[in-house]
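Subject: Structure for your review

Dear colleague,

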Amino acid sequence: MPKINLRGVEKNYGANAANAVANLDLEIGDGEFMCLLGPSGCGKTTTLRMIAGLEHLTDGEIQVGSRVVDSVTAGVFVPPEKREMGLVFQSYALWPHLTIERNTDFGLRLRNLPKAEREERVGKVMKTLGIEEYRHRYPSQLSGGQQQRVALARMLAVNPEVLLLDEPLSNLDAALRLEMRAELKRLHREFKTTIVFVTHDQWEAMTLATTIAVMSAGMLQQVGTPNDIYDRPANRFVAQFVGNPPINILELAAGSPADLVVRARSYFQQRYAQIEDIGSVGIRPEAIRIVGPKTPVPEDAFAGSAEVSGILPTGGSWIIELSTAGEKLFLTTHQAPEIEVGAMVEFFVKPKTLHVFDGAGRRSKT
Ligand code: ATP
């Protein structure tokens, strides 16, 4: 049984507003690390707040375990404090007048647990998060990252069955964010908590999640493992949102006279004759290979020639920009390029790495 089940969930903030969340069906499995991923305003936070009980649904139903916690038709609403969930938001308010130890203990005190049990749990969670040495300090005496850990410790101490996190790492610098991601993954393994994590950062979602739910404009676009989302994007939106540098898209329907597009159109029409409506093709930057003197080019590859119009070193890898008659392709490589800007090169792409989308942007069955 899924841990959290959203059925036909809808949220509308006002009579004339568009739906912040529309007809959302989503199952979050027990022990899953689910990332809600999407651009700003797509409805991620609203979804999380509805799961938490901080926002009423306009329609639909949410079930947690065997209990319906919110149902518009059945008139059920379980308030947030009765949902047994831990919440950490972007701004993680610690009590400034309490020590780190007392902050960590806060939720346990509210629950009136015996002192010995509280001490044991606080000790364990502080140790796990590496904040033991700060136990007698106050929040203002800690760095942002350390405070973030205390906020997490406070949540974990009460051992919630579900942990809801809304961009909890957004205030941290890059190095700390990476460290905290590793920590979160470790905590997830250790505590086996079901986690719902909101982020607009595709990289964060890819590194953390067991499952990613991609949203756009209040609608769910795809649910899958990070690999599914990357390797088999359900539509152009997902393909373009996930991946850095972004996927190359060749518009085939627009009738561009660019040599590359003409070639692509004929290649794809032949190869995928069964698909009536090819709108565009997506090519991941790492799927494009430049042909060297000894590179074997597979017979069935999509190939072309182009001018090298840019080389961008990114530290250990390079982004190379190829241009043909107004069309641009970006490719990435980990080998130092032995070519110069202005050179003409041959390139190819293996068919199995291509993504074909129909006129409406949906992935075609290839
Ligand atoms: P972000 O990453 O910027 O936080 P998000 O994906 O979490 O974005 P939401 O905060 O869920 O998006 O917002 C979804 C939509 O609902 C947006 O159009 C937003 O303007 C609107 N919205 C959110 N909260 C309210 C509110 N309290 N009243 C009215 N509209 C709201």
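Two strands are taken to pair if DSSP finds at least two bridges between them. By that criterion strand S1 (residues 4-11) and S2 pair in the antiparallel sense, over five bridges. One of the residue pairs concerned is Lys-11 with Val-21, the latter being the bridge partner in S2. Please note that the model is a predicted one.

Overall architecture

The protein chain has 366 residues, of which 36% count as buried. Its secondary structure comes to nine helices and 19 strands. Taken along the principal axes, the C-alpha atoms fill a box of roughly 75 × 50 × 35 Å. Among the contacts with a separation of 6 or more, 66% are between residues 24 or more positions apart.

The sheet that contains S1 and S2

S1 and S2 belong to an open sheet of five strands, in the order S2-S1-S4-S5-S6, with antiparallel pairing. The edges are taken by S2 and strand S6 (76-77); each has a single partner strand, so one side of each is left without a neighbour in the sheet. Helix H1 (residues 44-52) lies across S1, S2 and strand S4 (59-64), and runs at about 120° to S1.

Within strand S2 (residues 21-28) lies Ile-28. Is Ile-28 buried or exposed? The cut-off for a buried residue is 20 or more other C-beta atoms within 10 Å of its own. Ile-28 has 23 C-beta neighbours inside 10 Å and therefore counts as buried. From C-alpha to C-alpha, Ile-28 is 16 Å from Gly-86, and the two are 58 residues apart in sequence.

The surroundings of the ligand

Which residues are found around the ligand? They are Tyr-13, Ala-20, Gly-38, Ser-40, Gly-41, Cys-42, Gly-43, Lys-44, Thr-45, Thr-46 and His-200. By type, this shell divides into three nonpolar, seven polar and one charged.

Helix packing

Two packed helices are described by the angle between their axes and the distance between the axes. For helix H2 (residues 100-110) and helix H4 (residues 144-157), the axes come within 7 Å and cross at roughly 35°. The crossing of H2 and H4 is right-handed. On the H2 side, the contact involves Ile-100, Asn-103, Thr-104, Asp-105, Phe-106, Gly-107 and Leu-108; they meet Val-150, Ala-153, Arg-154 and Ala-157 in H4. The residues of this contact divide into six nonpolar, three polar and two charged.

The buried residues of H2 are Ile-100, Glu-101, Asn-103, Thr-104, Asp-105 and Leu-108. They pack against H4 and also against helix H3 (115-128). Just after H2, Asn-112 adopts a positive phi of about 55°.

A further sheet

Another open sheet of five strands has the order S14-S18-S15-S16-S17, and its pairing is antiparallel. Strand S14 (288-290) and strand S17 (327-333) are the edge strands, each pairing on one side only. On average, and with direction ignored, neighbouring strands of this sheet are turned by 45° against each other. S14 is joined to strand S18 (residues 344-349) by three bridges, and the two run antiparallel. There, Ile-288 stands opposite Val-349 in S18.

With kind regards

Note on methods:
Residues numbered from 1 in each chain as written. Predicted model: local features only at pLDDT ≥ 70, side-chain atom pairs only at ≥ 80, totals over all residues. Near = placed C-beta within 6 Å. Nonpolar A, V, L, I, M, F, W, Y, C, P; charged D, E, K, R; others polar. Helix = DSSP H or I, 4+ residues; strand = E, 2+ residues; numbered from the N terminus. Buried ≥ 20, exposed ≤ 12 C-beta atoms within 10 Å, placed from the backbone. Contact = placed C-beta atoms within 7 Å. Axes fitted to C-alpha atoms, helices over the stretch in contact; angles between N-to-C directions. Left-handed = near helix turned anticlockwise from the far one by under 90°.
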